[in-house]
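Trainee: Can we go through this one together? I have the sequence and the model open.
Mentor: Go ahead and ask.

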Amino acid sequence: MCGIVAYLGQKKAQPILIEGLKRLEYRGYDSAGIALLKGDAFIINKTAGRISTLDEILPAEPPVTGLGIGHTRWATHGAPNTTNAHPHIDYTSKITVVHNGIIENYSTLKKWLIEKGVVFSTETDTEVIANLIGYFYSSGDGSEGQNRFEWSVQQALNELYGTYGLAIICADYPNMLIGAKKGSPLILGVGENEYVIASDASAIVEHTTQAIYLADNEMVTITADGFHTMTIDNVAVSKDLKNIEFSLEQIELAGFDHYMLKEITEQPTALATCLGGRVDVKSARVVLGGIQSHLRELTRAKRVILTACGTAWHAALVGEFLFEQLARIPSEVEYASEFRYRNPIINDGTIVIAISQSGETADTLAAIELAKERGAIVLGIVNVVGSTIARTTNAGIYLRVGPEIGVASTKAFTGQVAVLAMLAIELGRRRHLASDYAADLLAKLVEIPEKIKEILSQSAYIKEIAQANIDKENWLFLGRGLNYPVALEGALKLKEISYIHAEGLPAAEMKHGPIALITERMPGVFIATKSTQYEKIIGNIEEVRARGGKTIIVATEGDEQIKPYADHLISIPDVVDCLQPMVTVIPLQLLAYHAAVLRGHDVDKPRNLAKSVTVE
Ligand code: G6P
């Protein structure tokens, strides 16, 4: 992962780079750095730690130069210390690089360069890129008719296997910035006499809403007079300017203490936007613009494979249930990281649905490539507009829940489930569901945002529950049916941000092993709402209580029967079984949020994690 930003323009680059890095910090935050080019001299500052630490070591008065590159790192090769922090400078001190991605053949290239006498000073794969460009630059052979900097970048890129989003500057070209992309995202913001390269639009939108999305194996050379785009083999390509579709307000904290809380709270409006204009209850129809051209194949699908990572994988598990239940299409869920290394059987009529908030997750992208190679139609359910997955899939549905910045995913999960529900209901109606039944489900679906509001109003009470259990180091999350993936998601949220060990399980599986763990020091969080499996889960709660376990129960409003079983009871509005995950997950998000805050953790930037995992 990592985030990169670069600026060429008439303003001072330093504050623009720092501001951009702060917006990209969710992509990685173990070390950071910037390089400015002033005249023919690089000014490089880098440090282990966060952007705020970098900010502290920078000169208070920014150097007068409008050219620079910056990086926030999530370490893959080499410890997250100052030496390994980007930018990396080459052995000739002419080339400076920031990089997001992984160079797979870096050790071969490193060996080759060392044999040529090149000296390395870091453990990173990125230093190989800098040195390789430097090597070609100093040789300069074959660069006739082309500027030498651009030429040497192309020579080097053609030697690399792996992924990169790159921004590069050269000491001999004080007005030139080069960007290149393969596998990692890279966007060029085009302003009035200024240009910003960044890993995503959040670092650009403050300066301009016009952008160019580079494709893989493309690069851009920018000077004060303009820019030109080409392939890394030097074939000119023309790119259209696109409008960035979100505003600065959407990516600011707006008075909340954390992005995670802001995003949890935003769910009613985010879901209303996700459903808005798509669901027509009267006609029992759902119109999803991005898949119209593939509706026929989707309706006739013989099998659906849902693939994703992390939270999106939990949403996929809900999707599997919805497709089977409502559309009666055989469905299965695969971790993208596993799917891609198997030899998956894709028959005629297999549809692969890839789910991703960021649209950049490397494993999910690789799974998509494989599915396409095998002839599947691949559908993307993605939040970030214009992201790589959105552009790689045959058709897609955007979540429309707005930018998600907190590393722990919240509103993207409910958005993913809402999209899957819309799709399953629409395909179900086209296949066999009675229109009246579909209309009834759709009417209930559009009521979900209001129901979420009711749960959000219990935040202070849920905080008390977190407080009462804050000293417990191991938690179990248990649910059945559609609430089993929600149990997994609740456990993941708690792990990610509070660093408390938690496991999610189908409640009935507990007796096959995990029940051995139950003591009064291990809270069991049960999702025991009114559903077809209600009586069964009551039995599972009894089993825990009989062994002295403490229970936190999420139950349906007005359920008196369950009260004696709960040490802590969270009541939520009644919702039809198949739409419940969008509401049952809300108290679990709040529980994890409050537990993390009470433990004093950095909720939006949990240790060792990054929001967008663009490495395998
Ligand atoms: C990372 C994030 C998770 C996220 C997963 C998949 O691990 O920390 O929150 O669920 O990637 O990300 P995606 O953007 O593909 O949904």
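Trainee: What is the handedness of the crossing of α3 and α4?
Mentor: The crossing of α3 and α4 is left-handed, meaning that the near helix is turned anticlockwise from the far one by less than a right angle. This is a predicted model, where local features need pLDDT of at least 70, side-chain atom pairs count only at pLDDT 80 or more, and totals for chains, interfaces and linings use all residues. Residues are numbered from 1 along each chain as its sequence is written, and side-chain values use heavy atoms, without hydrogens and water.

Trainee: At what angle do the axes of α3 and α4 cross?
Mentor: Roughly 45°, with the axes of α3 (residues 106-115) and α4 (residues 126-139) coming within 10 Å.

Trainee: Switching to K262: buried or exposed?
Mentor: K262 is buried, at 5% relative accessible area (buried is under 20%, exposed over 50%, with a 1.4 Å probe and protein chains only). K262 sits in helix α6, residues 259-265.

Trainee: What does K262 touch?
Mentor: Leaving out residues up to four places away in sequence, K262 touches E249, Q250, E252, L253, A254 and F256. A polar atom of the K262 side chain lies 2.9 Å from the backbone oxygen of E252.

Note on methods:
Axes are lines fitted to C-alpha atoms, for helices over the stretch in contact, and angles run from 0 to 180 degrees between N-to-C directions. Helices (H or I, at least four residues) and strands (E, at least two) are DSSP runs, numbered from the N terminus. Contact means heavy atoms within 4.5 Å. A polar contact is a pair of N or O atoms within 3.5 Å; within protein, one must be able to donate a hydrogen and the other to accept it, and residues adjacent in sequence count only if both atoms are side-chain atoms.
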